[in-house]
Amino acid sequence: MGLTAGALGAASGLFGLSKLWFIPTFLAALTYYNYDLYDPENQPIDAKNIQDEYDFIVIGGGSAGSVVSSRLSENKEWSVLLLEAGGQESILTDVPVLSLYLHGSRYDWKYKTEPQDSACQAMINKRCCWTRGKVIGGSSVLNTMLYIRGNRRDFDNWERMGNPGWGYEDILPYFKKSEDQRNPYLAKNDRYHSTGGLLTIQDSPWNTPIGLAFLQAGEEMGYDIVDVNGEQQTGFALFQYTMRRGMRSSAAKAFINPFRLRSNFHTALNAFATKIIMDPQTNRAVAVEFVKDGHRRVVRARKEIIVSGGTINSAQLLMLSGIGPAEHLLEHGIQPLVDLPGVGGNVMDHIAVGGIAFLIDYPISLVMNRVVNLNTALRYAISGDGPLTSSSGIETVGFITTKYGNQSDDWPDIEFMLTSTSTPSDGGTNVRRAHCLTDSFYNEVFKEINNHDLFGVFPMMLRPKSRGSIRLRSKNPYHYPLIYHNYLTHPDDVRVLREGVKASLAFAETQAMKRFGARYHSKPLPNCKHYPLYTDEYWDCYVRQYTMTIYHMSGSCKMGPITDPYAVVDPTLRVYGTQGLRVIDASIMPQITSGNINAPVIMIGEKGADMITKYWKGYEKRRKRSANETNV
């Protein structure tokens, strides 16, 4: 019962027990019926006796770091230390429907962007909330588990940008290496899918009638029903999820937990990396300084240090260590060791327009106070299905091409995230808080439809041209960096997103949706009332209001050829101007992929670990051969 008590404390902090009064019974049932999943021995081990030296040190136990550390520790001759700033997952983080409740919790870094006028006008102080996972498993513990690989042209484009080995045919085996596809119709297509990998991919065990109607609506609009992770991306499909038996399968559960007893693999939780120590003579990364349990420690690396902190943390840590734009480092009293102007630049994110809601006439949507109750909680605990397995109502995906894209090519520019919920589906409690909406905006636009049956369309722009940046606030590692999103500063992004909104309204006009009585919640947005409704000027204003991050921050340590002055890592993910240092996470993306990025980040982890393994195995063979020749 100790585990249940701990989870109960987490529940109290997340929700307040008055809102989810059934949580104690739910946790007791979940523990009883799934003890094999939730016994304490199934948790990552927090190393108590950290050694002074390891072969490899991985900083960050998120989607990429979990993969890298796990794969490197497969070699019994190598020792691996994984440093993670956060703590354990809990039973509650496993429940798919609760993902938005985790935003702003102890599992979240709680980053906020600097105020800017170009977007996020409806957010408190015009600051977007950038939720990032501060927990073993990283943001894969807080996300909506959507498994989207991206478009083959994304990766072929990476290769054309000067990154050999990153074309689609090169990276496809790494997607398949991780995958354990549980949908038999997809799994039989062994060109694109595989079974037996560490990461379980399955369809949702539960859908509303709206989820299937979304597919019919897509067909009405002339699109195919496709496997979006297969041969063709353009079209509609039910989402695939990183889920196992109806429960979240985070990167930590997939890649770390099964191997937590390896004697050569140590995981240090609540271990906050503050600096990479470089040898000033050779610019070799030799050690990591970190703080754990209030004590400052230094651990040395014999072979390599791998930074997998994510787009924000990786860029910040490199700059704190003297690697980054020299002038900026000097401003903060940091001696530049390697002048890399690209560190912290090229920041990309997928944004969608939030709050596009359509009321319906039937009680079939995912209204939280109706579907989250004792009965559904027990159903989830006992059989692993029912409404609590829903990924916050996100059921169906559609990839479409606006008039600004090439409609004859399979490289869509908008992703529809189609949901049996919308912003007011929880009565104005957690979604408004997770999205950092102001009270005045929410109350004027959504309060009147709190807890109503409806569905939502979130048009997400796939390849933004706007670029943000991350800069140090100070040289204190505990001071959060300055984050400038620069959303919608490129006019093309405004145009594409505007067309995505128009397509959303057209989608709701199909017969498939009209049979539910679908009608747009047409409340004019407060700051856009001076424009005539539904004109381009109105929509251009609209997209700057409820500008919704999809939490796909990427690009701050760009991969590129040595001829690119803003490249931070080479195609083997080594940091330019250094030795023994790589970055392996979403920050290396030269261009963001066309879709949700958790799957590509795991792929980057797989490929990065493979490159490290091949290099050091080759190095050891060369050394042995040289020694033998010397002896002869």
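User: Why does K253 count as buried?

Analyst: Buried means under 20% relative accessible area, exposed means over 50%, and partly exposed lies in between (1.4 Å probe, protein chains only). K253 has 16% relative accessibility, so K253 counts as buried. Before we go on, please note that this is a predicted model: local features need pLDDT of at least 70, side-chain atom pairs count only at pLDDT 80 or more, and totals for chains, interfaces and linings use all residues. Residues are numbered from 1 along each chain as its sequence is written, and side-chain values use heavy atoms, with hydrogens and water left out.

User: What makes D94 and K253 a salt bridge?

Analyst: The term asks for a side-chain nitrogen of Lys or Arg within 4 Å of a carboxyl oxygen of Asp or Glu. For D94 and K253, the N to O distance is 3.2 Å, and their side chains meet in a salt bridge. D94 lies in the loop between β2 (80-83) and β3 (111-112), while K253 is in helix α9 (residues 251-255), so the pair ties together parts that are 159 residues apart in sequence. Helices (H or I, at least four residues) and strands (E, at least two) are DSSP runs, numbered from the N terminus. D94 is buried too, because its relative accessibility is 2%.

User: How do you know that D361 forms a salt bridge with R519?

Analyst: The closest N and O atoms of D361 and R519 are 2.8 Å apart, so the pair meets the rule. D361 sits in the loop between β17 (357-359) and α12 (368-371) and R519 in strand β23 (residues 519-520), so this pair ties together parts 158 residues apart in sequence.

User: Why does D361 count as partly exposed?

Analyst: Its relative accessibility is 49%, so D361 counts as partly exposed. R519, at 38%, also counts as partly exposed.

User: How many salt bridges are there by this rule?

Analyst: The count comes to 38.

User: Why is S587 called buried?

Analyst: S587 has a relative accessible area of 0%, so it is buried. S587 is found in the loop between β25 (581-583) and α19. Its C-alpha atom is separated by 7.9 Å from that of A315, although the two residues are 272 residues apart along the chain.
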